[in-house]
Amino acid sequence: MAARRPRPGRTLIIFFLGLAICYGLVALTGTWKPTLGLDLQGGTRITLTAEKAPSSENLEEARRIIDQRVNGSGVAEAAVATQGGRSIVVEVPGKNTNRAELEETVKRQAQLRFRLVACSENNPNGPCATAGGGLPGGLEGLGRAPLNLAAPGDEPSDDASAPADEASDQPTDQPAESGAPTAENPAGKGKAWTVQEAIDWTRAPDPAAIASYNEHTCGEDGVLLDANGQPADLPDDPDAPLVACSKPEKDEPVIKYLLSPSVVEGTELDDASATTPQNSVGWVVAIEMGNDKKRARPKGSPGASDDFEAVSRAFAGTEEQFAVVLDGQVLTAPVMNAVITDGRSQIEGNFTEQSALDLANSLKFGALPIAFDDEQTSVEEIGPSLAGNQLTAGLTAGGIGLGLVMLYCLLYYRGLGLVVVSSLAVAAAVTYAMVLLLSETAGFTLTLPGIAGLIIAVGVTADSFIIFFERIRDEMREGKSMRVAVETGWARARVTRVAANTVQLLSAVILYFFATGAVKGFGFALGLTTLIDLAVLFWFTKPMVSWLAQFRFFNSGHKLSGLSKETLGMDVPKRTERPATVGGGA
């Protein structure tokens with residue numbers, strides 16, 4: 001079978017079409033400057049101080065969760081660090097016009113709890129109805145339909161066929177145990193409630209809690225308001241009932257809830273993810289409760305998954321709701337249509353992919369083990385840590401180094417040096433386009449370590465040329481023509497280059513996944529430039545050399561081509577002079 005004939009011209013055309021598409025996408029974004037990091041443009045520093053002195057483990061866990069949240073895709077390079085024994089400092093690059101919104105984003109998801117719904121504006125006939133706790137005038141029938149919470153694979157059920165404990169089936173007017181919270185002692189004096197106490201209280205809330213529920217209203221933005229229409233500052237005490245509002249949703253009214261004390265803490269949630277079940281096209285949020293007793297519980301109390309099962313046995317098949325509460329705001333309040341026996345369940349409803357992902361992320365990254373003191377929280381604008389002249393000096397040094405590399409290649413490889421210069425220019429164009437696109441789509445932030453990762457690519461790319469060109473020269477020293485030498489030299493050089501780039505790519509991946517902050521950004525930039533180097537080598541440099549091999553200037557070994565016999569170090573036959581003849585006599 002005949003060897004496949006290379007078509008360098010077609011490859012080059014396709015490559016430049018791809019580059020044109022990249023810049024077309026950049027034009028659509030309308031952004032021609034990369035997003036700079038904190039060290040290059042400054043940003044906002046938020047200092048969060050814990051209400052009480054936390055353990056070092058809890059402080060580090062909170063730092064890790066906040067870091068996962070603010071960095072999102074992993075390349076935004078917001079710096080999150082602990083300070084002292086009580087504070088977490090978050091430094092976010094860029095000018096943020098709404099500092100209050102930024103502070104809320106960082107502090108949000110500080111406390112995640114699972115409570116039971118005693119009263120809501122979705123249920124005008126609930127326990128609070130006799131006290132006027134139904135829907136406000138004009139909102140009858142407009143409450144959002146509760147979501148379903150079921151074991152994975154279960155079909156929604158409208159009947160109360162799930163098994164339940166007898167004690168859970170019948171409402172009671174008194175808490176199950178003496179010492180449980182009452183109207184005179186609504187906070188329970190710091191006592192952690194059992195699940196049964198919470199269930200009993202939910203079905204017959206005390207008058208003080210009902211009065212608090214009726215005194216408060218919800219604003220359109222989901223903020224709880226007092227009787228005077230001012231924001232109410234109710235403490236989110238896990239061992240006390242809570243009046244809360246639902247999270248605002250598009251085209252949906254905000255719902256007010258009266259909630260029981262916490263039955264499961266967010267720190268006891270092992271996992272949450274958005275998924276589509278088998279044989280289904282709809283999105284659900286799968287959650288998994290742990291059973292390792294991560295919070296203080298009464299002696300003999302079961303773990304979280306056991307408590308979850310007890311609630312599901314009492315609520316399965318009824319209209320009673322189980323609320324997920326984040327920083328005193330209800331994220332979702334599903335009904336239970338099955339008994340959850342292993343802590344694994346799924347929240348079903350009219351989820352889109354994005355809404356399911358948002359809820360899963362709020363659950364997964366929302367369980368901070370500590371609470372922060374609002375009065376000691378500070379937000380301030382900070383300037384770049386590197387002076388402008390230092391950055392200019394660094395970029396100037398990088399430019400001088402790049403110029404010296406190009407000059408050396410032109411002097412040493414002569415005509416082939418033009419391939420080096422053009423390849424470096426093309427690699428720079430591709431890199432810049434990718435940085436702009438990733439800044440817009442993945443939140444990539446360019447910091448000084450990231451710039452260092454990009455500059456390293458100059459040496460990596462130049463190394464690729466040297467390996468390829470020297471292979472071509474070796475083949476030509478063996479007497480092969482340039483066209484043949486290019487193909488055989490490429491077959492050997494590409495194996496070496498791919499192996500070297502693979503090692504470098506593995507290093508970048510390790511830095512990205514196991515480092516944090518600026519080091520993670522350096523690893524990302526290094527991996528990006530390594531992939532770009534491979535793309536330029538395969539789809540530009542090699543086709544360009546194959547295309548140049550068709551010209552006589554190169555394949556004939558011109559002195560300026562870089563492939564002459566003198567340049568290759570081959571022996572050149574010396575010109576011999578004819579010996580002089582000695583004339584004789586006649």
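Select residues 43-49 to begin: this is strand 1, which pairs with strand 17 in the antiparallel sense over 5 bridges, where pairing requires that DSSP finds at least two bridges between two strands. Strands here are DSSP runs of E with at least two residues, helices are runs of H or I with at least four, and both are numbered from the N terminus. The model is a predicted one, in which local features need pLDDT of at least 70 and side-chain atom pairs count only at pLDDT 80 or more, while totals for chains, interfaces and linings use all residues. Residues are numbered from 1 along each chain as its sequence is written, and side-chain values use heavy atoms, with hydrogens and water left out.

Within this pair of strands, select Arg 45, which stands opposite Glu 380 in strand 17. Widening the view shows an open sheet of 4 strands in the order 2-3-1-17, with antiparallel pairing. Its edge strands, each pairing on one side only, are strand 2 (79-83) and strand 17 (378-382).

Next, select Cys 218 and Cys 245, whose sulfur atoms lie 2.0 Å apart and form a disulfide, a term applied to a pair of cysteine sulfur atoms within 2.5 Å. The torsion about the S-S bond of Cys 218 and Cys 245 is about -95 degrees, so the disulfide is left-handed. The pair links distant parts of the chain, since Cys 218 belongs to strand 6 (residues 217-218) and Cys 245 to strand 8 (residues 242-246), 27 residues apart. Cys 245 is buried at 2% relative accessibility; buried means under 20% relative accessible area, exposed means over 50%, and partly exposed lies in between, with a 1.4 Å probe and protein chains only.

Move on to Arg 414, in the loop between helix 10 (388-413) and helix 11 (417-441). Arg 414 has a positive phi of about 55 degrees although it is not a glycine, and it is partly exposed, with a relative accessible area of 36%.

Finally, select residues 448-477 and 482-514, which are helix 12 and helix 13, packed at an angle of about 145 degrees with their axes 8 Å apart. Axes are lines fitted to C-alpha atoms, for helices over the stretch in contact, and angles run from 0 to 180 degrees between N-to-C directions. Among the residues that make the contact are Phe 468 and Arg 471 of helix 12, and Trp 490 and Arg 497 of helix 13, contact meaning heavy atoms within 4.5 Å.
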